[in-house]
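Dear colleague,

I am handing over the structure we spoke about, and below it you will find my notes on what turned up when I went through it. Please read them with the model open beside you.

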Amino acid sequence: MRASKIVGLGHYVPEQVVTNEYLSTLMDTNDAWIVERTGIKERRWMNPATDTVGNMAAKATRMALQRANLTEKDIEFIVFATITSDYYFPGSGVILQRELGLEGIGALDIKNACSGFIYALSIADQFIKTGMYKTVLVIGAEIQSTALDVTTRGRNTAVIFGDGAGAAILQASDKAGVLSTHLHADGRFAEELYVKDPGSSRPREERQPEQFLDTSGFKVHMNGNQVFKHAVVRFMEVINEALAANGMKKEDINLLVPHQANLRISQYIQEKLALRDDQVYNNIMRYGNTTAASIPIAMSEAWAEGKMKENDVICLAAFGSGFTWASALIRW
Ligand code: UT7
């Protein structure tokens, strides 16, 4: 059967480094608390003069194309995972398509937060397996810094989230690549991690300009404890589901690239799977939680460091807003 394979990975992060020390000047927090609870030392924030979700994604794409020895013209379809598109609508897929000069090809947006990249990868994989496309660009990109409440009121989210973009080029192949994807959601928890505005649930009379003097609805709201408790359970469930579906055991995993939600979550999964430190790729220390971008940025760096070798079994897993959770098992 026709399979899909990742033939190129790339990433881009904004130049502006935001340290825990800097955040301590904006709100009541400190480096020790952030490192102990999350593992994060610094993250990147966009520069409004130069960075957009669309152009960060284009930079990540160009790196992926170059590494794959391909050009823009090889891309037949775009699947773009983001919850922070440049505009409320249209989505970021069309903006990236314009940036790449690919007028006419289809572009699809996926709004599944931290699980977005794996959902996007799964969709691209299905398009390739059915024979509809040969080369699909899969993106995870976010600018979250502009929606953070950087006062003490928002400190449980302001210290976590960061900006960045990652790209993967998926191509048809006769050899196994993406072995499986498993996708889940439980909308009962939608409001545990969300941004309310500008949602259509807001009645017209609340949409008057003076109402928006209270802009809290535009900021990220997260019930961190609740998210954490569900994350550790769902991460394990969806990884075990992937292993079982492929007749594999945890010992078969060569490298786990988890969504970079919180270093403590990654360490918990590492322990449960009995993986060595060099079998789990973490870069949350440097970038924070970049939502849909975190897995492709981490894969791009892991690949550049020689951590993904031919025939390796790579496991991707994510959990986040929705709640949504997902895994992918890949034969490299
Ligand atoms: O990407 C997927 C979705 N996101 C996640 O997976 C994140 C999951 N959740 C988490 O990572 C953690 O819940 C957090 C890192 C957000 C919070 O850590 P926690 O250990 O769950 O802390 P907490 O929310 O229980 O808060 C403990 C204390 C509170 O103070 P009191 O009430 O005990 O006096 C908070 O107000 O820590 C306080 N706190 C802070 N203190 C300093 C919360 N944020 C901060 C902060 N700096 N930035």
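**The ligand and its surroundings**

Sorted by class, the shell around the ligand is made up of 11 nonpolar, nine polar and four charged residues. Please keep in mind throughout that this is a predicted model. In total 24 residues surround the ligand, and the closest of them are Thr-29, Arg-37, His-259, Asn-262 and Asn-289.

As for where the ligand sits, residues of the shell come from both domain 1 (3-175) and domain 2 (179-331), and therefore the ligand lies between the two domains. The space that the ligand takes is the second largest pocket.

Several elements supply at least two residues each to this shell, namely helix H2 (31-38), helix H6 (155-158), helix H7 (224-245), helix H8 (263-272) and strand S12 (313-320). Of the contributors, H7 gives the most, with four residues.

In the side chain of Arg-155, an N or O atom is 3.0 Å from an oxygen atom of the ligand, while a polar side-chain atom of Asn-225 lies 3.1 Å from a ligand oxygen atom. Gly-224, by contrast, takes part through its backbone, where an N or O atom lies 3.1 Å from a nitrogen atom of the ligand. The ligand taken alone exposes 950 Å², and the protein buries 74% of that area.

**Backbone points to check**

The peptide bond that joins Phe-89 and Pro-90 is cis, with omega at about 0°, and Pro-90 is found in the loop between strand S4 (77-81) and helix H4 (92-99). A cis peptide bond also runs from Gly-322 to Phe-323, where omega is near -15°; Phe-323 has its place in the loop between S12 and strand S13 (324-331). Finally, Ala-113, which is found in the loop between strand S5 (106-110) and helix H5 (116-129), has a phi near 50°, a positive value in a residue other than glycine.

With best regards

Definitions and conventions. Residues are numbered from 1 along each chain as its sequence is written. This is a predicted model: local features need pLDDT of at least 70, side-chain atom pairs count only at pLDDT 80 or more; totals for chains, interfaces and linings use all residues. Side-chain values use heavy atoms; hydrogens and water are left out. A residue is near a molecule or strand if one of its heavy atoms lies within 4 Å of it. A polar contact is a pair of N or O atoms within 3.5 Å; within protein, one must be able to donate a hydrogen and the other to accept it, and residues adjacent in sequence count only if both atoms are side-chain atoms. Accessible areas come from the Shrake-Rupley method with a 1.4 Å probe; for residues, only the protein chains shown count as cover. On a 1 Å grid over the protein atoms alone, a cavity is a set of points where a 1.4 Å probe fits but cannot get out, and a pocket is an open set with protein on both sides within 12 Å along at least five of seven lines; lining residues have an atom within 4 Å of a point. A molecule sits in a cavity or pocket if more than half of its atoms lie within 2 Å of its grid points. Ala, Val, Leu, Ile, Met, Phe, Trp, Tyr, Cys and Pro count as nonpolar, Asp, Glu, Lys and Arg as charged, and the others, Gly among them, as polar. Domain bounds come from an automatic or database domain assignment.
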